[in-house]
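Here are my comments on the model you sent over, point by point. Have the structure open while you read.

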Amino acid sequence: MPDRYNFALTEYSVYEYVVSLLKQFGLGRGEVVVDIGCGHGPIAEAVRDLGLTYVGLDLESAGMADLATRGFDTAPVDLSSPVDAVRSIVDLLAGRSPAALVMIDVLEHITNGPEVLTSLSEFAIGHGGVPLVVAVPNVTHFDLAAKLLLGRWDMTETGLLDDTHVSFFSDERLHSMTSGCGWVEIGSNDFELPISDQHFPADAAVLQDGSPLHDLLFDVRDLSTRGAIVNEFVRAYAAIGARAGTESSEDTGPVPLVSILMRTQGKRPATLQEALLSLAAQTDQDFEVLLLPHNVPREMLTHARYLADSFGEDFGARVRIIPVEGGGRTRPLAVGVEQARGRYLAILDDDDVVFGHWIETYQTMAAKYPGRVLRSPVAEQDVVETLWSGGRPGYEVVDRPRCRWPDAFDVLDHLWENHSPPCGWAVPLSIFTDQGVRFDETLPVLEDWDVLMQAVLWCGVADSGQITALWRRWRVGESSTSVHTENEWQQARMAVTAKLDAKPLLLPARSMTAIQAERIRRDIYQREAERLQTELNGTRNHTAMLERQLAERTQELEAMRRSSSWKVSKPVRVAADLARRATRSAQDASAADR
Amino acid sequence: MTPADGVSDVAHGGAGRSLRIQTVLYRQADGDVDRQLRGLAQAVRILKESSDYHVVMAFGDASPTPTLSLDEVAELDESVRAYGIDQLTYYYFDENLGSARGHNVLLTEFREEFVLFLNPDAYLSPFCLTELMLLTPDHGIGIVEGRQIPLEHPKAFDRDSGDTSWASTACALVRSEVIDATQGFDADSFFLYCDDVDFSWRTRLAGFRVVHQPTAQFFHDKRLTLDAQMQVGDAEHYYAAEAALMLAWKYSRPDLAEQWAVDLERSTMSLQRKAARVFRDRQSNATLPTPIDPDGRVAEFIGTDFAEHRFSYADA
């Protein structure tokens, strides 16, 4: 290799991270650390300091010559022939036992990585399960992702985009390749650089911490898969036997449109049965059900299995029962989402019920608006707990269905409070698998609103304009409203809004119009309030003036009553009063005669 | 394949227990029949786990064109046998008979102990038949009605006994003696709606009880408008109005029939005015049904409802 790779082990370098993993997994196994593609062997002395023997192999001679002058054994190796490469390792070991294999910045320089890894796995198994430590640059570092959005792909002499790289790695690809070649990850010590060698041009908003654009994009990258600021993945592996010398792929069985998470506490067998009935009766059966019994006794699980299977073999096969222990009401959702396989994720609790076109509507919308949050208005109906014949626990409907939630989704309204019960929406599973959204188990309530808002801000919403579900409100009987205190609701609301407030908001097109309309409305109300205030002030002033005048007149009257002339004229006033009364009586008598 | 019109008077039942299930189809969407059979098959399977039943499924098709081909019928017959439906029959009526006459035509082949009337958009819970049958040891009970979800019927019922004014034949289990006593539905008076109210009331006049079984659930594919009102088609606007007039007349409430006819004549909906005209025509032609239940023993007219309701789907 050219001298541009003559790096030294310094504090906070990838080599230090490799040595740290070696200390963890390479000690006590053998005597020799085999550095494949060793270059100048920057870790050689550190390995020796661990009490191990260092040997290096490389195709280029310059680095090995340097190592030889420092007293380390070396040998040439050509990785284009993995079998020969392993033979070179065996020869160099000369009967000594290997403690670990190391490949620092090698895999990105070769095109036959899977074959090399497979051969090394077989070698490792033949030598007591010797571990492998790999370091490889991360092509999904945020700096590279952000710069791609600027249309930039800046190759450099060394670093993340070294112009000699022929293979590129993400966390997922590294995992896929190693696991497909007989290795299982046993440790990681990734080398992080928040500001990588690709952090240029420095003034680009996408790269500047604190700019809304950077913070938003970084959030997207950081929540998705690990490694947003990882410069090199540094991982340790144990050999478990090669399979095919290829990268592994995920199970590609049929994927249902919707994975339905159904929480149950086993307290309402009647409504659980009805919820399942409403699913079995769907016009479109493209779904799976993850039934999530939460903190229920074992016998309830047996009953749940029997219940699901009662709806038929095909339906039963699409109901997976996943018992959940501990945690609050969010725990089952958090557990369920990890096992969901559908394109979309929906929530249907065991006391809700759906109309016959619930899934069919999602199917139509998903075809028309792929990747959006699919949303339908929901009707609610009041119910009370009751006992049915034979004393079986049941319920009774006490009112007609009503729809108090808006037909169309309004993101600004939803920032204030939730207007979309969970049985009325489905979110792309991708927000969990690709974008790192999670059900927040710290929330005792409003966990659905929290996920919905994270999803809609990124995915947007498609409205069906049809009521497809019926949400039961328990007027008598336990519900989240009755179980949780007002304080818990308030705290949860603050927590959800605080999370939204902590990052830039991505609002859909035409939000400006909506915000302006709100602003105009506010201005109108404010002007009206000011006008009313002015009017009120005027009225108050006028009232005060009248009160002052009244007080003055009262004082004058009192003064007059206390005066001597008033007292002297009293007999005259009495006589006049009597005369007035006599005249009135005479008039009344005359009127009566008529 | 159309059996002779009219209701058979042959003796019912045999050594084992037997059940006939009847559905009248009309312009069903693709997949509706399969969907119904999917639910029905499981309900029959579970029913047969508890007792030996001979089960016959009969479809009558009043659609303009056949819903099922003969091959499809044969295929369905074969597939449902695995779940215990011993026979599946399909009759294409080749005319729109309405539900009352359609069921009557199918009843001409009724030989079983019980008949289940089922709407084509009804999907049975796997336990529905078993729960309906739970009440049949009481021979005083003539009809057992299932409970429909997601939109429950608002009709009141006695929480202890289950007694109710009438049973919806969207899903109702009927004892053969009731068919013998009533001769089925009054298809001359009722085409599509209130045929079940009339059938229930005549059942009660014949001395049987009509009960609601809340644990016998079935999914009735009703839907809501955006203002949470029940979606209603043109047919319901017309036939429900016509049937209400017939019901009031038949159950000796000419005063109500007259009042409703006048109201319908003033309606802004042409279909409702048409219903009033048809009633007037039959009044003139003396073809209205002969009034029964003069003392109001069974008939209930509460507002525009035919039973006390626990709540109303209409806006207050």
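**Notes on the two chains**

1. Let me start inside a sheet of chain A: A:Ser259 stands opposite A:Leu345, which sits in strand E12(A). The strands involved are E9 (residues 258-264) and E12 (residues 344-347) of chain A, and they pair in the parallel sense over four bridges. Bear in mind throughout that this is a predicted model.

2. Now step back to the whole sheet around that pair. Seven strands of chain A make an open sheet in the order E11-E10-E9-E12-E17-E14-E18, and the pairing is mixed. Strand E11 (319-321) and strand E18 (461-463) of chain A are the edge strands; each has a single partner strand, so one side of each has no neighbour in the sheet. On average, and ignoring direction, neighbouring strands here are turned by 20° against each other.

3. What packs on this sheet? Helix H16 (residues 447-459) of chain A does, touching E12, strand E14 (373-375), strand E17 (425-428) and E18 of chain A. The direction of H16 makes about 55° with that of E17(A).

4. Chain A also has an open sheet of four strands, ordered E13-E19-E15-E16, again with mixed pairing. Its edges are strand E13 (353-354) and E16 of chain A, each with a single partner strand, so one side of each is left without a neighbour in the sheet. E15(A) and E16(A) pair in the antiparallel sense over six bridges. If you want a residue to look for there, A:Val383 stands opposite A:Val397 in E16(A).

5. On to the place where the chains meet: 31 residues of chain A are in contact with 27 residues of chain B. Helix H9 (269-280), strand E15 (378-388) and strand E16 (392-397) of chain A each supply at least two residues of the side that touches chain B. H9(A) gives the largest share of that side, five residues. By class, the side of chain A that touches chain B divides into 15 nonpolar, 10 polar and six charged residues.

6. Chain B is assigned two domains, domain 1 (17-220) and domain 2 (227-316). Taken over C-alpha atoms, the centres of these two domains of chain B are 25 Å apart. Their contact takes 19 residues from domain 1 and 25 residues from domain 2 of chain B. The domain 1 side of it has 12 nonpolar, three polar and four charged residues.

7. Next, a helix pair in chain B. H7 (residues 234-250) and H9(B) pack at an angle of about 30°, with their axes 8 Å apart, and their crossing is right-handed. Residues making the contact include B:His237, B:Tyr238 and B:Leu245 of H7(B), and B:Leu271, B:Val278 and B:Phe279 of H9(B). By class, this contact of H7(B) with H9(B) has seven nonpolar, two polar and three charged residues.

8. Finally, how do helix H8 (residues 254-265) and helix H9 (residues 270-285) of chain B pack? Their angle is about 135° and their axes are 7 Å apart, which makes H8(B) oblique to H9(B). The crossing of H8(B) and H9(B) is left-handed. H8(B) contributes B:Ala261, B:Leu264 and B:Glu265 to the contact, while among the H9(B) residues are B:Arg273, B:Ala276 and B:Arg280. The contact of H8(B) with H9(B) counts five nonpolar, one polar and three charged residues.

How values were computed. Residues are numbered from 1 along each chain as its sequence is written. Chains are lettered from A and ligands numbered from 1 in the order in which they are written. This is a predicted model: local features need pLDDT of at least 70, side-chain atom pairs count only at pLDDT 80 or more; totals for chains, interfaces and linings use all residues. Axes are lines fitted to C-alpha atoms, for helices over the stretch in contact, and angles run from 0 to 180 degrees between N-to-C directions. Angles under 35 degrees count as roughly parallel, over 145 as roughly antiparallel, 65 to 115 as roughly perpendicular and the rest as oblique. A crossing is left-handed if the near helix is turned anticlockwise from the far one by less than a right angle, and right-handed if clockwise. Two residues are in contact if their C-beta atoms, placed from the backbone, lie within 7 Å. Ala, Val, Leu, Ile, Met, Phe, Trp, Tyr, Cys and Pro count as nonpolar, Asp, Glu, Lys and Arg as charged, and the others, Gly among them, as polar. Two strands pair if DSSP finds at least two bridges between them. Domain bounds come from an automatic or database domain assignment.
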